[in-house]
Amino acid sequence: MLPIDMDGYRHVAFARSVLWDARRGDVKEALRGSEDVYVYMPGMRYLEATTLAIFGDSEFGPILFASLTVVGLFYFIATFANAATALVLCAAFLCGPKLLTQPFLLDLDIWLHVYFGHWADGAAALAFLTGSAILVRLADGRIVPTFGALVVPGILVSVAVFLRANFGLAAGAVMVCSLWHLRPVLRPSRLAVVAAGFAFLGTAALHNWLFSRRVVLGLATNRSDAARLAIVGHLKSWLSDLVTDEWASASGCGQPRSRSCSPSCCSSGFGLRRL
């Protein structure tokens, strides 16, 4: 597996805490995500927890998102150009010359580095581009305005912001422009459904208020000390679980759990994949 920096360790550690809380039935703590007020890339811990629950400790999660990136890129480009142009650009994305494609981020290696580094930028960009393309196709009449087609793009754009708050300004612009251009195309009731999808942009603010009783619209501004302490604490816990798990495995501790098996080796850290 490719090395990950401290941000990656933070996301993985939070994801393991979320998954462990969900497995033992503590839904409230799982939704809290180890923080009363989000500090950095709030949605990444839940995305990592989902991939851990499905794929375990493997590289299938990043590979899946990398594959979806190719599909999403084709869908986005084909929204503004013909299918042949989209195919050529996707081919350049997969195996084009690095000196020409990398400056435009049209290179699979860059995206793989992001996905394997456990950063939220890749998944956020994928959700943002897909949601924006659906909105353009709705305005052009290329998509039948079913309930799913109306509500999904706003949710995807909101997910992008939840994963990576840097998409906030762009998401606001997409919301205003899309609602304005869809106004003469859709009935008011259907336009309200599109607007309802964008309501999920307030997910982080709602979490912060529910768990801290403070109005924090985005992420915590005084994050340096809190982030450092959270990273160190979760990293210590994760490494402790790893050492315990490997020691128990070497001693023959496996499932079903025996009386001599410590709880940490069977239910926390890397042992979560065996639950």
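Is Phe167 buried or exposed? With a relative accessible area of 18%, Phe167 is buried, where buried stands for under 20% relative accessible area, exposed for over 50% and partly exposed for what lies in between (1.4 Å probe, protein chains only).

The structure is a predicted model, in which local features need pLDDT of at least 70 and side-chain atom pairs count only at pLDDT 80 or more, while totals for chains, interfaces and linings use all residues. Residues are numbered from 1 along each chain as its sequence is written, and side-chain values use heavy atoms, with hydrogens and water left out.

**Confidence**

The chain averages a pLDDT of 82, and 76% of the residues score at least 70; pLDDT is the predictor's confidence in each residue, from 0 to 100. Over residues 221-225 pLDDT stays under 50, and the model has three contacts beyond four places in sequence for them, a contact being heavy atoms within 4.5 Å.

**Helix α10**

Helix α10 covers residues 168-182, and its 15 residues reach 21 Å from first C-alpha to last, close to the 21 Å expected at 1.5 Å a residue. Helices (H or I, at least four residues) and strands (E, at least two) are DSSP runs, numbered from the N terminus, and the expected span is 1.5 Å times one less than the number of residues in the helix. Within α10, Ala171, Val174, Ser178 and Leu182 are buried. Seen down the axis of α10, the buried residues fall within an arc of 60 degrees, so they line one face of the helix; the arc is taken from the directions from the helix axis to the C-beta atoms. On the other side of α10, Leu169, Val176 and Trp180 are exposed. The buried residues of α10 are covered by elements including α8 (121-140), α9 (147-163) and α11 (188-197).

**Aromatic pairs**

The structure holds eight aromatic pairs. Rings of Phe, Tyr and Trp (its six-membered ring) pair if their centres lie within 6.5 Å, with planes under 30 degrees apart counted as stacked, over 60 as edge-to-face and the rest as tilted. The rings of Phe76 and Phe80 have centres 5.2 Å apart and planes at 65 degrees, so this pair is edge-to-face. Phe76 and Phe80 are four residues apart in helix α4, and are thus separated by about one helical turn; Phe76 is partly exposed at 22% relative accessibility, whereas Phe80 is exposed at 55%. Phe128 and Phe167 form a tilted pair, 5.4 Å centre to centre and 45 degrees between the planes. This pair links distant parts of the chain, with Phe128 in helix α8 and Phe167 in the loop between α9 and α10, 39 residues apart. Phe128 is buried, with a relative accessible area of 12%. Phe65, Phe93, Trp111 and Tyr115 form one aromatic cluster.

**Salt bridges**

The count comes to 11 salt bridges, each a side-chain nitrogen of Lys or Arg within 4 Å of a carboxyl oxygen of Asp or Glu. Examples follow.

| Salt bridge | Distance, N to O |
|---|---|
| Asp57 and Arg16 | 2.8 Å |
| Asp26 and Arg24 | 3.4 Å |
| Lys98 and Asp107 | 3.1 Å |

Asp57 and Arg16 meet in a salt bridge. Asp57 lies in the loop between α3 (44-55) and α4 (60-80) and Arg16 in helix α1 (residues 6-23), so the pair ties together parts that are 41 residues apart in sequence. Asp57 is partly exposed at 27% relative accessibility, whereas Arg16 is buried, with a relative accessible area of 8%. Lys98 is partly exposed at 36% relative accessibility, and Asp107 is buried at 1%. Salt bridges that share partners join Arg10, Glu35 and Arg45 into one network.
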